[in-house]
Amino acid sequence: EVKALRKYLLNGGFLMVDDFWGDAEWQNFYEQIKRVFPEREPVELEMSHRIFHCVFDLKLEKNQMQIPNVWQGAASQDTGVTWEENHVGNTRDVHFRAIFDDRQRMMVFICHNTDNGDGWEREGDNEYFFREFSEKKAYPLGINVIFYAMTH
């Protein structure tokens, strides 16, 4: 699987990683992706990167882009908490990272401490969640990611 993933990505493939939270889950992901690319490091993306502006112009700060699970998101209108509770360490901040090939083509887009997938799949479960997280953040980012991956 490691060899196949490396070959796929180096031959033009694209991978988006999402919905993993906290230091322990980051460390696990990092160790596994280093098996695929021991010579490459994930790079923190600034919100000015083209992926955040190619279709929808996402002008939010990274932490404003945090998508919680649907239950945490529904409660966030009262609590303000948008991070999941299984964190260890300083893990509340959202990170968007990428791994690039030698031509600076993004091969891997990494969304840590956020759950865009819930924004895409759970939008019908709670109207507040849909309006605040799916409509404003998860859908636009997802469309941008697809467009960016297909055109860069």
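Reply: Happy to. Please keep in mind that this is a predicted model.

Let's begin with helix α2, which runs over residues 22–36. Its 15 residues reach 22 Å from the first C-alpha to the last, close to the 21 Å expected at 1.5 Å a residue. The buried residues of α2 are Gly22, Trp26, Phe29, Ile33, Lys34 and Val36. Viewed down the helix axis, these buried residues fall within an arc of 135°, so they line one face of α2. As for the cover over the buried residues, it includes the helix α1 (2–10) together with β1 (15–17), β3 (95–100) and β4 (106–112).

Moving on from α2, we come to Arg40, in the loop between α2 and β2. Arginine 40 forms a salt bridge with aspartate 102, and their closest N and O atoms are 3.1 Å apart. Because Asp102 sits in the loop between β3 and β4, this pair ties together parts that are 62 residues apart in sequence.

The next stop is the loop between β2 and α3, where Lys62 is found. With 14% relative accessibility, lysine 62 counts as buried. Leaving aside neighbours within four places in sequence, Lys62 is in contact with Glu44, Leu45, Glu46, Met47, Val94 and Phe96. The C-alpha atoms of Lys62 and Phe96 are separated by 7.9 Å, although the two residues are 34 residues apart along the chain.

Val55 also has its place in the loop between β2 and α3, but it is partly exposed, at 43% relative accessibility. Together with Phe56, Ile143 and Phe147, Val55 makes a nonpolar surface patch of about 320 Å².

Asparagine 116 has 0% relative accessibility and counts as buried. Beyond its neighbours within four places in sequence, Asn116 is in contact with Met16, Asp18, Ile67, Cys111, Ala138 and Leu141.

We finish at helix α5 (residues 127–151), where Arg131 and Glu135 lie four residues apart, about one turn of the helix. They form a salt bridge whose closest N and O atoms are 3.1 Å apart. Both ends are partly exposed, Arg131 at 40% relative accessibility and Glu135 at 38%. Another salt bridge joins Glu132 to Lys136, with closest N and O atoms 3.2 Å apart. These two residues of α5 are also four residues apart, so about one helical turn separates them. Glu132 is partly exposed, with a relative accessible area of 21%, and Lys136 is partly exposed too, with 47%. In the whole structure, a search finds 14 salt bridges.

Notes: Residues are numbered from 1 along each chain as its sequence is written. This is a predicted model: local features need pLDDT of at least 70, side-chain atom pairs count only at pLDDT 80 or more; totals for chains, interfaces and linings use all residues. Side-chain values use heavy atoms; hydrogens and water are left out. Patches are made of residues with over 30% relative accessible area and no salt bridge: like charges are joined within 9 Å, nonpolar side chains (Val, Leu, Ile, Met, Phe, Trp, Tyr) within 5 Å. Accessible areas come from the Shrake-Rupley method with a 1.4 Å probe; for residues, only the protein chains shown count as cover. A salt bridge is a side-chain nitrogen of Lys or Arg within 4 Å of a carboxyl oxygen of Asp or Glu. Buried means under 20% relative accessible area, exposed over 50%, partly exposed in between (1.4 Å probe, protein chains only). Contact means heavy atoms within 4.5 Å. The expected span of a helix is 1.5 Å times one less than its number of residues. The arc is that of the directions from the helix axis to the C-beta atoms.
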